[in-house]
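Please look over the sequence and the structure first.

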Amino acid sequence: MEKEILEHGLNFNRRRFLSRLSLGLGSAALGSLLIPDLFSGSGAEDGLTPGIPHFAPKAKRVIYLFQNGAPSQQELFDYKPKLREMMGQEIPPSVRGTQRLTGMTANQKEFPLVGSFVDFKQYGQSRAWVSDLFPYTAKIVDDLCIVKSMFTEAINHDPALTFLQTGSQQGNRPSMGSWLSYGLGNENKNLPNFTVLLSRGIGNGQGVYSKLWSNGFLDSIHQGVQFSKGEDPVLYLRDPDGMDRQDRRDMLDNLAQLNDLSYQEFGDPEISAKVKQYEMAYRMQTAVPEVMDLSKEPDDIIKLYGPDCLVPGTFAANCLLARKLSENGVRFVQLYHQGWDQHGNLPFEIAKQAKDVDQASAALVTDLKQRGLLDETLVIWGGEFGRTSYTQGKLTKDNYGRDHHPRCFTVWMAGGGIKPGIVYGETDEMGYNIVQNPVHVHDFQATILNQMGLNHEKLIFKHLGRRYRLTDVSGKVVHDILV
């Protein structure tokens, strides 16, 4: 070796070579301690080393406050006085165009425009328009980036919701949280990387289903873990009667040896993933009860989120839990709040929904900010598509409904390297079409990954001969909204 080096004209001797080699091995050993999966080989084929982002991230964690059922942007953030002026008039053909309609309104003979029943005001230095239904959110507008120009191809709930969460309308793909778990690894070995919290608003609304937090074709260790509001937040986590902590430890050790023999014989990576899940469940037995305990939260925090935060299973309680999970290193916390599907009786129902989420959503942003965590936590609020500018069904003086509208809808983002106090994108004066800065679902996903230090074009997993990614074959980062 020394001779070969000297032949290439390099100024190396044996002592120096061995010294450099020992430093390299020491660094490798340190890396394997800091990032246990560093040399596992997972993802290496596609240029991804688990636990190491592609570039310096702006955010460490994501909290996604998903408003399931599609909130009406006209009643919340997209102020359109023209709709009030034209109340009851037919939507112009030039505005409606040839866009697809759902089966619920396709046979309507008329499509009368309907303005919002609620008033709007401008707030903050950004002078953003916010509905009177959101008095708490109005107070934090200078912390928000309000994107009014989101759009999607999906026109029904299931494919639209699945598309936003997994990048595909068909399902059986990894959720966004699973992709982040795969790409970045664990920050806290005692808690899952990806957790899910559910709450329900008025009525039954649109349901949610486990495929939305599925790991798809990724290892099952990346699947979202649903936390419930019951006595056992994670099912089957507690030791059964008659088994103590040491018994469980001995059982897991023996099971790991048996699984290792199976792995050596069959080489199925899912065997290793199952062992990791068992070990995670063992560690969660101590970590989860501590994180889920809200009894030690101070009075000022309870007041900030509102009294509902002490009622398990409410949106407010889940927002407070999301903060606790996030500050304890959970990479992706997904909330689903059901009940936003107002095809009829919209004025009454949306007012109730807004009251359910307004205070707690604003409190979460405020809480993270005062703890110094907002800069490294990306908070997202929004649904799967928007609502039509015309009414669905009969229009009366004080009642109406709105159908699905994929062509434009509103979300907001805060923290995590997103520009605060801006409104991005614009719709036409009737709130039906985007006229400035459209943001496709894949653009939105690419931007989230970017803030977490991941290039959406390089976060790839090869499955059945094809390379898959969250953004499929499209998507671009929306740099205009980044700090």
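**The chain as a whole**

The model is predicted. Its chain holds 13 helices and 17 strands. Of the 483 residues, 52% count as buried. Among contacts with a separation of 6 or more, 77% are between residues 24 or more positions apart.

**Helix H13**

How many residues of helix H13 are buried? The helix spans residues 441-451, and eleven of its eleven residues are buried. The buried residues of H13 include Val441, Phe444, Ile448 and Leu449, and also His442, Asp443, Gln445 and Asn450. After H13 comes Gly453, which has a positive phi near 85°.

**Aromatic pairs**

A search of the whole structure gives 19 aromatic pairs. One of them joins Phe217 and Phe461: the ring centres are 5.7 Å apart and the planes stand at 15°, so this pair is stacked. Phe217 belongs to the loop between strand E5 (194-200) and strand E6 (225-227), while Phe461 is in strand E16 (residues 461-463), so the pair ties together parts that lie 244 residues apart in sequence. Phe217 is buried, with a relative accessible area of 14%. Phe461 is buried as well, with a value of 18%.

Another pair is formed by Tyr390 and Tyr432. Their ring centres are 6.2 Å apart and their planes meet at 35°, so the pair is tilted. This pair also links distant parts of the chain, 42 residues apart: Tyr390 lies in strand E9 (residues 386-391), and Tyr432 lies in the loop between strand E13 (426-427) and strand E14 (434-436). Tyr390 counts as buried at 1% relative accessibility, and Tyr432 is buried with a relative accessible area of 1%.

The two pairs are set out below.

| Pair | Centre distance | Plane angle | Arrangement |
|---|---|---|---|
| Phe217 and Phe461 | 5.7 Å | 15° | stacked |
| Tyr390 and Tyr432 | 6.2 Å | 35° | tilted |

Ring pairs also build a cluster, made up of Tyr64, Phe66, Trp213, Tyr336 and Phe444. Phe444 is one of the buried residues of H13, which places a residue of this helix in the cluster.

Which residue lies over the face of Phe111? That residue is Arg96, at 4.2 Å from the ring centre.

**Residues with positive phi**

Most residues other than glycine have a negative phi. Asn172 is not a glycine, yet its phi is positive, at about 60°. Asn172 is found in the loop between helix H6 (157-166) and helix H7 (176-184). Is Asn172 buried or exposed? Asn172 has a relative accessible area of 67%, so it counts as exposed, the cut-off for exposed being over 50%.

Asn437 is also not a glycine and has a positive phi, of about 55°. Asn437 sits in the loop between E14 and strand E15 (439-440). With a relative accessible area of 28%, Asn437 is partly exposed.

Technical notes
Residues are numbered from 1 along each chain as its sequence is written. This is a predicted model: local features need pLDDT of at least 70, side-chain atom pairs count only at pLDDT 80 or more; totals for chains, interfaces and linings use all residues. Side-chain values use heavy atoms; hydrogens and water are left out. Buried means under 20% relative accessible area, exposed over 50%, partly exposed in between (1.4 Å probe, protein chains only). Helices (H or I, at least four residues) and strands (E, at least two) are DSSP runs, numbered from the N terminus. Rings of Phe, Tyr and Trp (its six-membered ring) pair if their centres lie within 6.5 Å; planes under 30 degrees apart count as stacked, over 60 as edge-to-face and the rest as tilted. A charge sits over a ring if NZ of Lys or CZ of Arg is within 6 Å of the ring centre and within 35 degrees of the ring normal. Contact means heavy atoms within 4.5 Å.
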